[in-house]
Amino acid sequence: LGVCAISDAGIPLLRGWLISVAEAVVCQGICRWTTPLELLDKEKADDEEGLKRYMNVNLCYEAFKDVKIKWIRKFDRCAPIYYLPWMLWIWNAGNLLLFTIVALPLLLLFRSLSLPGAFLSL
């Protein structure tokens, strides 16, 4: 944010969010197709079934188990065609909201320092 505020182009809220969405889509796709939800570790288990190790890298199968909000968990463990767009929509909307909340106080600081790009741009 500070680097963007030094220039006169402003802080690119929409472009930054679109880059974040693209990065999240790529990471989720890679994680979903290369990482299993659980692994069996037969060496560390007492029985033949083995010890299950929970993976869920980058939330690519379900929301955190601690999340109790049912509508967020609506498509947990569903096929990727349903779960990934749903999860990406929820978490990227949250990212946009959080970035905006964090950026606003910083913008006030940057404006007090008379930086030319201390405004939100698209």
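## Salt bridges

Arg73 is partly exposed, having a relative accessible area of 24%. In this predicted model, the side chain of Arg73 meets that of Asp76 in a salt bridge, with an N to O distance of 3.1 Å. Asp76 counts as buried, at 15% relative accessibility. The structure holds 3 salt bridges.

Another salt bridge joins Arg77 and Glu62, at 2.7 Å from N to O. Both residues lie in the loop between S3 and H3, 15 residues apart, and the pair links distant parts of the chain. Glu62 is buried, with a relative accessible area of 4%, whereas Arg77 is partly exposed at 45%. Glu38 forms a salt bridge with Lys52, their closest N and O atoms being 4.0 Å apart. Glu38 belongs to strand S2 (residues 38-41) and Lys52 to strand S3, so this pair ties together parts that are 14 residues apart in sequence. Lys52 counts as exposed, at 54% relative accessibility, while Glu38 is partly exposed at 32%.

## Largest pocket

The largest pocket has a volume of about 160 Å³. Helix H2 (13-34) and helix H3 (80-112) are the elements that give two or more residues to its lining. H3 gives the most, with 5 residues. The lining includes Glu23, Cys27, Asn58, Trp91 and Asn95. By class, the lining has 6 nonpolar, 4 polar and 1 charged residues.

## Nonpolar surface patch

Leu39, Met55 and Val57 make a nonpolar surface patch of about 200 Å². Val57 is placed in the loop between strand S3 (51-54) and H3, and counts as partly exposed at 31% relative accessibility.

Terms used
Residues are numbered from 1 along each chain as its sequence is written. This is a predicted model: local features need pLDDT of at least 70, side-chain atom pairs count only at pLDDT 80 or more; totals for chains, interfaces and linings use all residues. Side-chain values use heavy atoms; hydrogens and water are left out. On a 1 Å grid over the protein atoms alone, a cavity is a set of points where a 1.4 Å probe fits but cannot get out, and a pocket is an open set with protein on both sides within 12 Å along at least five of seven lines; lining residues have an atom within 4 Å of a point. Grid points are joined across faces, edges and corners, and a volume is the space filled by probe spheres set on the points. Helices (H or I, at least four residues) and strands (E, at least two) are DSSP runs, numbered from the N terminus. Ala, Val, Leu, Ile, Met, Phe, Trp, Tyr, Cys and Pro count as nonpolar, Asp, Glu, Lys and Arg as charged, and the others, Gly among them, as polar. Patches are made of residues with over 30% relative accessible area and no salt bridge: like charges are joined within 9 Å, nonpolar side chains (Val, Leu, Ile, Met, Phe, Trp, Tyr) within 5 Å. Accessible areas come from the Shrake-Rupley method with a 1.4 Å probe; for residues, only the protein chains shown count as cover. Buried means under 20% relative accessible area, exposed over 50%, partly exposed in between (1.4 Å probe, protein chains only).
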